[in-house]
Amino acid sequence: LVEHGMSDGDARREAVREFGDLEYTKRYCLAEDAMGTREERRTDLLAELWQDVTHSWRTLRRAPAFTAVALITIALGVGANLAIFSVVNAVLLRDLPFRDPDAVVRLWGAHTNKPTEPGQISPADFIDFRSRQHSLASLGAFAYGSTIYVGQGDPVLLGGLRVDATVFNVLGVRPMLGRTFAVGEDSAAAQPTIVLAYGAWRRVFGGDSSVVGKALTFNGRSRTVIGVLPPGFAFPTAGNAEVFLPLDLTPILNDANRARKYHFLGAVGRLRPGVSVAQSRSEMVGIARQLEREYPQANTGITVNMLGVRDAVVGDTRPPLLVLLGASVLVLLIACANVAGMLLSRAVSRRHELAVRVALGAGRWRLVRQMLVESLVLALLGGTAGVALAVWGSRALVASAGAKLPLASRVGVDARVLGVAVAVTVACGVVFGLVPALAASRGVHLALKDAGRGSSGGVSRHRLRTVLVTGQLALAVVLLVGAGLLVRSLIHLQRIDL
């Protein structure tokens, strides 16, 4: 600028103006340097962690017996927890597969001397409940009934329900393929139809979408498949409904001897906005008292009970499921104590190796991190095997529970179960790896001096082993006492004179 004729003062001012904010530039350069330093540290840390992982893998491969026993122990502990948790997740934690499930209620028939014991409703009483009530936006009826499908191969028995045209609207479910029942399709004059659950559609018909619209034989009668329900849907009853048929109440309603005396219906309803379950239940009980006065011969001692759909579905399965989950947690803690004891004994035999690493410049945190990585690698391998066991175990639990387990079709290893599997596996790796790692890294520099006279730190390691064994025995005693009480209760139940 001076060469172009500016004075020194003007040239300096123009140069500063063109250059910009000097302090901002300084801060920017410092930030770039700090970012580069952090990136370099992050790269170095990742490289060291990968080195720890590969070293851990080689170390575990050199001890196949130890690795196999540890993996089996972890897999059993994690697998048992995940199998039980998959059932708890499906029954107690996951959202119910209905639209606005908090507004859906389940209606039962009951006796006045046992109002909380669920029973069934007669067709004539159901019609009166539906016409006289004002607290529900809609009320639908269903009845149990299996059916036999006869195709090209062997006949297939399918668990099913007969439902009126209102039920699917009450639950707010939309079919994945086709449609559900229309009003009037549950009469004897209508063309026979059927709706398939997703599981039956996949298992029996191989997921063939062309099955919708076909006439197939069920219970010796030709029925047209009009729809397939979505995979997440499960009807709010115990057991697994695989097919749905129209419910025709006309023949029974026309029979005066059976209309109010033949109790075989269940009912589901949807609350009107602003109405609680308690208010609707009170109204329904009042209608039941009216019917008792109007039809004393058939309805004396007959009342109703109503619950929110989640309470109705879960029922009395919550306590045993939580007990099983608690027992499986005890099994997992015992497994962690087992593996921690094994790692502690193994760490004692490796003190000379660790002392050499200290002599070469490794700090205590570096040793602890190396041993923690080994524990996490071991835990992840065992956790992977545990997930495979959980898949088999959850199926076995569902099969053993039979029709008594609600929402059984939803039990499985989903994203939430896998997330819990990762969390449990990492927690196990830290739990059974941290204490042995800290114990093994303490005073390790003395190992080289004491190599000829035996290992050092025996008193502290003996105390740690005592704590681990004592805790393991305490957990085992609690688990065995609980199992013994459950077996004793089962024996007493088997001896009851029915």
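The largest nonpolar core has 36 residues, and V91, L378 and F432 touch the most other members. A nonpolar core here is a set of buried Ala, Val, Leu, Ile, Met, Phe, Trp, Tyr and Cys residues joined through side-chain atoms within 4.5 Å. Buried means under 20% relative accessible area, exposed over 50%, and partly exposed in between (1.4 Å probe, protein chains only). The elements giving two or more residues to this core are α3 (64-93), α11 (318-349), α13 (364-401) and α14 (415-441), with the largest share, 12 residues, coming from α3. There is also a second, separate core of 26 residues, which includes F98, V104, V173 and V313.

Keep in mind that this is a predicted model, in which local features need pLDDT of at least 70 and side-chain atom pairs count only at pLDDT 80 or more, while totals for chains, interfaces and linings use all residues. Residues are numbered from 1 along each chain as its sequence is written, and side-chain values use heavy atoms, with hydrogens and water left out.

Helices (H or I, at least four residues) and strands (E, at least two) are DSSP runs, numbered from the N terminus. Helix α2 (residues 22-61) has 40 residues and reaches 59 Å from its first C-alpha to its last, close to the expected 58 Å; the expected span is 1.5 Å times one less than the number of residues. Buried residues in α2 include D52, H55 and S56.

Contact means heavy atoms within 4.5 Å. Not counting residues up to four places away in sequence, V91 touches R310, V314, T317, L321, L405, P406 and L407. V304 sits in strand β13 (residues 302-308). Leaving aside neighbours within four places in sequence, V304 is in contact with L107, W108, G109, A110, F129, M284, V285 and A288. V304 counts as buried because its relative accessible area is 6%. V304 and V314 are 10 residues apart in sequence and 19 Å apart in space, C-alpha to C-alpha.

The structure holds zero disulfides (pairs of cysteine sulfur atoms within 2.5 Å). C336 is in no disulfide, and the nearest cysteine sulfur, that of C428, is 3.6 Å away. C336 is buried, with a relative accessible area of 8%.

| Residue | Phi | Loop |
|---|---|---|
| N219 | about 55 degrees | between β9 (215-218) and β10 (221-228) |

D100 counts as partly exposed, at 45% relative accessibility.
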